[in-house]
Amino acid sequence: MKQEQVQEHFARQADNYEKLMVKLIPQYLEQHQIIHDLLPDEGKRCRVLDLGCGNGILSEVVLQKLPHSHIVGFDLTENMLKAFAKKLSRYSGKFALQQGDFRTDSIGKGYDIIIAGLTLHHLTWQEREDFYQVVYSALNYGGLFLARDIIIDEDQAVRQEQYAHWKAFMKAQGEDPELWYAKHIEKDHPMTITDHFAWLRSAGFVKVACHWRFFNFAITTAEKV
Ligand SMILES: C[S@@+](CC[C@H](N)C(=O)[O-])C[C@H]1O[C@@H](n2cnc3c(N)ncnc32)[C@H](O)[C@@H]1O
């Protein structure tokens, strides 16, 4: 799928984003507690980059735990950034928004934390492997890269079984599983955890971990030491 189509797809979802995610992503809201717990200790003052920030749902988790931090919300889609500004208006002054394409535009540097929620699967595998080097360079030493994303199992049969579970979940939420599955197959490039870890290590990260996995979704971290 072309980048304009990705943008158009998310522009249409911006106002209703969270309600839709709850119906498409198993344990979507529950994941936020895990992400909250994986962040550094409360009170730390961090420079944070939220890649593919969408409506700011993960930035809000960060600012709830680390209220002295500053966040750059980076996203391709203008409507999502508008939704971010509205949702996080009470944190005004604690964030800056940047519209851009992380495949081609600078993401800046000097961050203590980079988070990426359900966005890096838009990169092809080669783009993603290369992009992990960009993420590594953009982090300070001691920095944390936290990603939640769609994954695929290494085993084909397990992969199909997990897609069947995902479809059943969406159906139970009243969504059309075949429609969303077709969109996923058309536009996304999910990776295996094995590739993810290998690309992170080859970018320079030494400590990589998977903290939560539910069928074809995972939350992982990598540390730059
Ligand atoms: C599914 S939303 C994720 C929102 C939020 N991070 C979350 O965890 O729920 C994906 C977001 O990534 C953005 N996005 C997709 N490709 C991008 C790119 N190449 N550069 C910047 N943002 C991108 C979309 O505009 C969209 O807002």
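Author: A salt bridge is a side-chain nitrogen of Lys or Arg within 4 Å of a carboxyl oxygen of Asp or Glu, and links of this kind join E18, E60, K87 and R90 in a network. This is a predicted model, in which local features need pLDDT of at least 70, side-chain atom pairs count only at pLDDT 80 or more, and totals for chains, interfaces and linings use all residues. Residues are numbered from 1 along each chain as its sequence is written, and side-chain values use heavy atoms, with hydrogens and water left out.

Reader: What makes R90 and E60 a salt bridge?

Author: The closest N and O atoms of R90 and E60 are 2.7 Å apart, which is within the limit, so the pair counts as a salt bridge. This pair links distant parts of the chain, since R90 is in the loop between α5 (78-87) and β3 (95-99), whereas E60 is in helix α4 (residues 57-65), 30 residues away. Helices (H or I, at least four residues) and strands (E, at least two) are DSSP runs, numbered from the N terminus. A search of the whole structure finds 12 salt bridges.

Reader: Why is the link between D149 and R128 called a salt bridge, and where do the two residues lie?

Author: The closest N and O atoms of D149 and R128 are 3.4 Å apart, and as this is within the limit, the name applies. D149 lies in strand β5 (residues 139-150) and R128 in helix α6 (residues 125-138), so the pair ties together parts that are 21 residues apart in sequence. Both D149 and R128 are buried.

Reader: What makes D50 a charged residue without a salt bridge?

Author: Lys and Arg count as positive and Asp and Glu as negative, while His and the chain ends are not counted. D50, in strand β1 (residues 47-51), is buried, and the nearest side chain of opposite charge, R148, is 8.3 Å away, which is beyond the limit, so D50 has no salt bridge.

Reader: Why is the ring pair of Y163 and W166 given its name?

Author: Rings of Phe, Tyr and Trp (its six-membered ring) pair if their centres lie within 6.5 Å, and planes under 30 degrees apart count as stacked, over 60 as edge-to-face and the rest as tilted. The count by this rule comes to 11 aromatic pairs. The centres of Y163 and W166 are 6.2 Å apart and their planes stand at 35 degrees, so this pair is tilted. By contrast, Y163 and Y181 have centres 5.1 Å apart and planes at 75 degrees, and are therefore edge-to-face. Since Y163 lies in helix α7 and Y181 in helix α8 (residues 177-187), this pair ties together parts that are 18 residues apart in sequence.

Reader: How do you know that K167 lies over the face of Y181?

Author: A charge sits over a ring if NZ of Lys or CZ of Arg is within 6 Å of the ring centre and within 35 degrees of the ring normal. K167 lies at 4.1 Å from the ring centre of Y181, which meets the distance limit. K167 also forms a salt bridge with E178, with closest N and O atoms 3.4 Å apart.

Note on methods. Buried means under 20% relative accessible area, exposed over 50%, partly exposed in between (1.4 Å probe, protein chains only).
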